[in-house]
Amino acid sequence: KFDAAEKLYLEAMKINEENSIKENSEFIALLNNMGYMYIKKGDLKKAEDMLKRVIKIYKKDAGLDVLNYALALDNLAEIYETKKLYFKSGVYYKKSLNVYLKLKDFNNPDVIISLVNRLSNVYLVQNRRNDLVSLLSNIIKYASKFLKPDHRVLSFLNKHFKKLPFSDTLSKNSFIVHNFLIIFTVFCLYI
């Protein structure tokens with residue numbers, strides 16, 4: 001299946017390039033889809049090359065499809081996490097999350113939940129307490145935009161946030177972080 005899909009993608013890419021249609025939203029979507037296909041195929045080098053190309057094109061023309069840009073950042077982060085390059089992975093997950101959160105008409109809480117969970121995991125693996133605390137603090141700020149200050153969900157998030165000790169290790173706190181993320185997930189499903 002992958003070989004047939006790759007052949008079709010490469011053919012579509014060739015047609016785009018022959019017609020000088022290299023830097024539009026459809027071409028970015030094509031590259032993004034090829035990158036994702038290569039991830040699923042297990043060819044992380046080709047996937048990384050495709051996704052970096054998407055990001056490079058987007059940086060030249062920020063008027064292009066922002067959703068495909070965010071998706072490319074997310075997919076690139078996944079590649080780096082697979083390779084256990086957690087710092088790099090965290091950088092790209094964070095960039096992707098920031099793009100999604102700035103989209104006014106984006107209404108897919110599953111994507112936000114997934115990114116927050118994966119970014120939290122990357123921070124936990126690296127024992128990056130300050131970054132994790134910052135992420136969780138931003139989640140509370142995000143939830144505060146939609147909920148009244150005395151809402152149960154917001155109270156629960158604040159309560160668990162305060163339980164994080166001020167030590168340098170997070171391994172003992174993964175249960176607290178996990179509970180925090182579960183409540184955030186529930187919150188996202190109801191906004």
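Lys84 counts as exposed, since its relative accessibility is 58%; here exposed denotes over 50% relative accessible area, buried under 20%, and partly exposed the range in between, with a 1.4 Å probe and protein chains only. The residue lies in the loop between H4 and H5, where helices (H or I, at least four residues) and strands (E, at least two) are DSSP runs numbered from the N terminus. Although Lys84 is not a glycine, its phi is positive, at about 65 degrees.

The model is a predicted one, in which local features need pLDDT of at least 70 and side-chain atom pairs count only at pLDDT 80 or more, whereas totals for chains, interfaces and linings use all residues. Residues are numbered from 1 along each chain as its sequence is written, and side-chain values use heavy atoms, with hydrogens and water left out.

A positive phi in a residue other than glycine is also found at Asn127, where the value is near 60 degrees. Asn127 follows H6 and lies in the loop between H6 and H7. With a relative accessible area of 34%, Asn127 is partly exposed.

The protein chain comprises 9 helices and 0 strands, and its pattern along the sequence reads α-α-α-α-α-α-α-α-α. Of its 191 residues, 42% count as buried. Among contacts (heavy atoms within 4.5 Å) with a separation of 6 or more, 59% join residues 24 or more positions apart.

Two of the helices were compared with their expected span, which is 1.5 Å times one less than the number of residues. For H3 (residues 44–60), the 17 residues should span 24 Å at 1.5 Å a residue, and the end C-alpha atoms are 24 Å apart, in agreement. For H6, the 18 residues should span 26 Å, and the distance of 26 Å between the end C-alpha atoms agrees with this. The buried residues of H3 are Leu44, Ala47, Glu48, Met50, Leu51, Val54, Ile55, Ile57 and Tyr58. In H6, the buried residues are Ile112, Ile113, Leu115, Val116, Leu119, Ser120, Val122 and Tyr123. An α-helix has 3.6 residues a turn, so residues three or four places apart point the same way.

Asn32 is found in helix H2 and is buried, with a relative accessible area of 1%. Not counting residues up to four places away in sequence, Asn32 touches Leu51, Val54, Asn68, Leu71, Ala72 and Asn75; Leu51 and Val54 are among the buried residues of H3. Asn75 belongs to helix H4 (residues 66–82) and counts as buried at 4% relative accessibility. Its contacts, leaving aside neighbours within four places in sequence, are Asn32, Tyr36, Ile39 and Leu51.

Tyr36 has its place in helix H2 (residues 25–41) and is partly exposed, with a relative accessible area of 38%. Tyr36 and Leu76 are 40 residues apart in sequence, while their C-alpha atoms are 9.3 Å apart in space. Ala29, likewise found in helix H2, counts as partly exposed at 22% relative accessibility. Between Ala29 and Leu71 the separation is 42 residues in sequence and 9.5 Å in space, C-alpha to C-alpha.

The largest pocket has a volume of about 360 Å³. On a 1 Å grid over the protein atoms alone, a pocket is an open set of points where a 1.4 Å probe fits, with protein on both sides within 12 Å along at least five of seven lines, and lining residues have an atom within 4 Å of a point. Grid points are joined across faces, edges and corners, and the volume is the space filled by probe spheres set on the points. The lining consists of 18 residues, of which Leu97, Asn98, Leu101, Asn138 and Ile139 lie nearest the centre of the pocket. Helix H5 (86–102), helix H6 (109–126) and helix H7 (129–144) each supply at least two lining residues, and the largest share, 7 residues, comes from H7. By class, the lining has 10 nonpolar, 3 polar and 5 charged residues; Ala, Val, Leu, Ile, Met, Phe, Trp, Tyr, Cys and Pro count as nonpolar, Asp, Glu, Lys and Arg as charged, and the others, Gly among them, as polar.
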